[in-house]
Structures are given as structure tokens and as C-alpha cells.
Amino acid sequence: MNTPTTSSTTNNNNNNVNLPTAYILYFLGGTFGLHHAYLNRPNQALAWYSTLGLFGIGLLRDLFKIPYYVSLCRDDQQRDVTARVRAANVEARDGIPPWSFGRMIMMIVFGSYFGFLVSCLVALPRKEDDGSDDTLWWTNIVYGLLRAFGCAVGIWLVGNMGEEIIYTTKVPKEGDTLLQPDDNLQKGEFMKLTQWCTGSFILLNSPALGGIIYAVRRRKYRSTMKPQQSSMKRVGKHIMKCIVFSALMTIAIYNYGSINFNGHSVYLSDAVKNAINSNFWKEFDWEKFRQQQQSSSGGGSDYLKKAFDISGERSARRTLGVARNATHAVVRSAYKKLALKYHPDKVGADATAKEIEETNRQFVKVQEAYDLLNGIEQDRKKKERGATTEEASNGGSRSDHHTSGAYRGDEM
């Protein structure tokens with residue numbers, strides 16, 4: 001007799017969801033989905049965190065929907081008329097939700113969003129790294145598989161959001177009025193959804209289309225929205241998911257984010273490597289940094305970019321042994337000499353394996369340094385031509401400050 005009482009008490013504590021707390025969490029952390037985690041809507045909470053309240057639109061809608069969400073979380077004897085109407089509607093529809101155009105749009109948005117995010121988690125070789133599209137055929141396959149998997153994750157997130165769930169038809173147990181989700185079946189459903197996204201990507205180059213078709217056919221109502229865990233556990237799990245998502249987003253930005261330096265775009269991953277290899281602590285001048293910070297143009301950010309060698313230009317010039325203000329003609333001449341010196345054909349027949357390996361390494365290093373400087377030079381010329389064209393269109397009213405020396409200067 002005591003066991004059921006204890007269980008009932010635990011459930012009452014777990015299901016103790018109230019309207020004031022929901023609104024407090026909404027105003028304190030609604031953008032990050034805290035109120036949805038509290039209201040036993042974990043997928044919706046993560047979706048709100050990953051899009052900052054569904055770009056503000058979902059956050060505004062929640063302001064009016066929270067009372068309805070709260071009513072669904074309460075025990076049967078506490079449910080209001082709205083919750084009872086919902087339960088009757090679910091039973092009348094045999095547990096199958098009506099078709100929703102809005103949810104389908106969200107599947108497209110989140111499918112594309114997560115597909116792009118997951119595809120950025122692996123730093124695939126870039127075209128400019130290999131110099132030939134023919135060597136990148138396998139990267140397109142890897143990118144496609146990652147994109148299809150990420151798309152499946154996004155569609156799964158939306159398909160299991162709120163009162164709906166995606167799972168295989170299952171004979172209900174005794175006492176169940178609606179189908180109950182099963183963890184093993186859920187895993188199988190996700191794998192099938194991924195297969196549909198992959199097949200749709202291969203055939204139509206649109207992974208979201210196949211995923212949506214599968215998700216819409218498998219949609220069901222959840223049997224209950226009442227929480228089975230305490231509110232602290234629900235919010236805690238959401239915070240952990242947010243940390244994981246933030247880590248994944250950081251990796252994606254690191255791999256494919258870029259920073260602009262003097263008109264030259266540099267991948268963030270390359271910028272970090274260049275900064276680590278720079279002589280920042282030896283050459284940084286706090287006096288110059290403070291002077292530039294007080295100036296009106298760029299502040300100290302330009303100086304920091306140069307100090308950290310974000311573009312890798314200074315390191316490349318050191319590799320070729322040219323001065324910071326050396327012209328591109330001097331750079332090209334230095335490159336030719338070093339390329340000839342370290343060319344694999346110049347290695348003697350009596351050279352050891354270690355000497356051959358070192359020569360090849362130096363040759364590649366020289367080649368990469370010249371390619372970097374040549375790319376930067378081309379970007380600068382484009383910027384100079386653009387500035388000249390703009391000045392000509394303004395009747396020559398602007399002062400000529402795009403001289404070669406000033407533009408190329410990399411002095412600290």
C-alpha cells in the first residue's frame with residue numbers, strides 16, 4: 001500500500017509545473033529555450049537555443065502559448081478544459097496529428113541548417129589546397145553523407161518537437177490508450193530517416209525532401225506531455241545539450257570561418273595556426289598598439305592582426321628571406337632561387353632518405369609561402385583597382401592614399 005503512494009508523490013513532484021515559473025524562465029532565458037526545457041519540450045528548447053528563439057518569431061509566439069503548454073504538463077485531475085479538449089481531439093484522430101505546413105517549413109529550415117553545420121565539422125581539403133578539382137571527388141561524397149546526416153538530425157529535431165513524435169506503429173500495451181514510444185524503435189526510425197535523406201540527396205541533391213516525406217508519414221501524437229523527471233533534471237539536460245551544440249558550432253566556425261585582412265580572406269583555422277607560429281610576444285609593441293587604439297581608423301584591431309600574423313604574410317616572407325616591404329618582384333625572384341635550390345631533382349644520388357625528406361619539406365614550405373604571398377598580392381591589386389575605379393567615378397576628389405608602399409606595408 002505504501003509503494004503506490006510513494007510513486008504517486010514522486011510523480012506529483014516531477015509534474016509540478018506552474019505558470020509563474022514558466023514565465024520567469026521565459027523572460028530570463030527564453031532566447032535559449034529554458035522555458036521549453038522546463039515544460040518538458042526538450043527538442044523545442046534545443047531548437048530555440050540553436051536559432052535564438054527561432055529568430056525571435058517563436059519567442060513572440062511563446063508569450064501567448066505558455067498557458068497552453070503548462071496545462072498539458074499537469075496531472076489528469078489538474079488539467080483544464082483546454083487540455084481535455086486536446087486529449088479528446090487526439091483520441092478522435094486515432095493519435096495522428098493533422099498535416100502542418102508550418103512544421104514542414106521548419107523541417108526544411110532546420111534540415112538545411114543542421115546539414116550545413118554537420119558538414120562543417122570535418123575540415124575537408126579545399127580546392128585551393130590541392131589545386132585540382134579532379135583530386136576532390138571523394139570530398140564531395142564525404143560532404144554529401146555529412147550533409148544528409150545533419151539534415152536528418154534537423155528534421156528529427158522538428159519531427160519530435162512538442163506534442164508530435166516520429167516512431168513505428170506498435171501494438172499498445174494493456175491500459176494504453178495511445179501508442180507509447182520505444183527507445184529501440186526510435187533509434188531504428190532515425191536510421192531510416194537518415195537513409196531517406198541520403199537517398200534523396202543522391203537522386204535529387206535535396207536531402208530534406210526525402211526526410212520530410214518520411215517524417216510526415218510517421219508522425220504521431222505523444223501519449224502524454226506530463227514530465228517524468230524533475231524540473232532541475234530537465235533544465236540540466238538542456239544546458240548540457242546547449243554546451244555540446246556550442247562546441248560543435250565552434251568547431252564548424254574554426255574549420256570554415258574566415259577573417260578579412262587587408263582585403264585578403266583567411267580561414268580562421270589558418271589564422272589561428274599563423275598566430276601560434278608568429279613571434280607575437282617578441283615583437284609586440286604596446287606603445288604602438290595604444291597609439292593605434294586611440295586613432296580613429298581601425299583602432300588597435302589592425303595592429304593585433306599584424307602582430308598575430310593572421311594572414312601568415314610575415315611568416316611567408318621570413319621563409320623566402322625577403323623584407324617586409326619587399327616588392328612582389330623581389331618575392332618572386334627569391335622564390336625562384338629557393339625553389340631551384342630545394343627542387344627534388346637537385347637532390348644528389350648519394351643523399352640519405354632523411355636528406356631527401358627534408359629537401360622535399362623545404363620545397364613544399366617555399367611553394368606554400370609563395371602561393372600565399374601571390375594570393376595576397378592579387379587581392380591587393382583587385383582592391384587597388386576597385387579604389388581607383390571608385391575614385392575616377394567621383395571625379396578624382398579623393399586623395400590618393402593607395403600607393404604601393406603604403407598598401408604593402410606590414411611594419412609593426
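Close-up 1. Lys 381 lies in helix H19, a helix here being a DSSP run of H or I with at least four residues, and a strand a run of E with at least two, both numbered from the N terminus. This is a predicted model, in which local features need pLDDT of at least 70 and side-chain atom pairs count only at pLDDT 80 or more, while totals for chains, interfaces and linings use all residues. Residues are numbered from 1 along each chain as its sequence is written, and side-chain values use heavy atoms, with hydrogens and water left out. Lys 381 is partly exposed at 33% relative accessibility (buried is under 20% relative accessible area, exposed over 50%, partly exposed in between, with a 1.4 Å probe and protein chains only). Together with Arg 332, Lys 336, Lys 382 and Arg 385, Lys 381 forms a surface patch of positive charge. Helix H18 (328-341) and helix H19 (353-393) each supply at least two of the patch residues, and H19 gives the most, with three. Patch residues have over 30% relative accessible area and no salt bridge, like charges being joined within 9 Å and nonpolar side chains (Val, Leu, Ile, Met, Phe, Trp, Tyr) within 5 Å.

**Close-up 2. Phe 101 and the nonpolar patch.** Phe 101 lies in helix H7 and is exposed, with a relative accessible area of 51%. With Phe 55, Trp 99, Ile 105, Ile 108 and Val 109, Phe 101 makes a nonpolar surface patch of about 600 Å², to which helix H7 (residues 101-119) contributes the largest share, four residues.

**Close-up 3. Glu 163 and its salt bridge to Arg 41.** The side chains of Arg 41 and Glu 163 meet in a salt bridge at 3.9 Å, N to O (a side-chain nitrogen of Lys or Arg within 4 Å of a carboxyl oxygen of Asp or Glu). Arg 41 lies in the loop between helix H3 (34-38) and helix H4 (42-55) and Glu 163 in the loop between H9 and S1, so the pair ties together parts 122 residues apart in sequence. Arg 41 is buried at 4% relative accessible area, and Glu 163 is buried at 14%. Contacts of Glu 163 (heavy atoms within 4.5 Å) include Tyr 68, Arg 86 and Lys 220.

**Close-up 4. The salt bridge between Arg 218 and Glu 189.** In this pair the closest N and O atoms are 3.9 Å apart. Arg 218 is partly exposed at 22% relative accessibility, whereas Glu 189 is buried at 0% relative accessible area.

Definitions and conventions:
Areas by Shrake-Rupley, 256 points an atom, 1.4 Å probe, with all protein chains shown as cover. Lys, Arg positive; Asp, Glu negative; His and termini not counted. Charge placed at Lys NZ, Arg CZ, Asp CG, Glu CD. Lists of a residue's contacts leave out its neighbours within four places in sequence.
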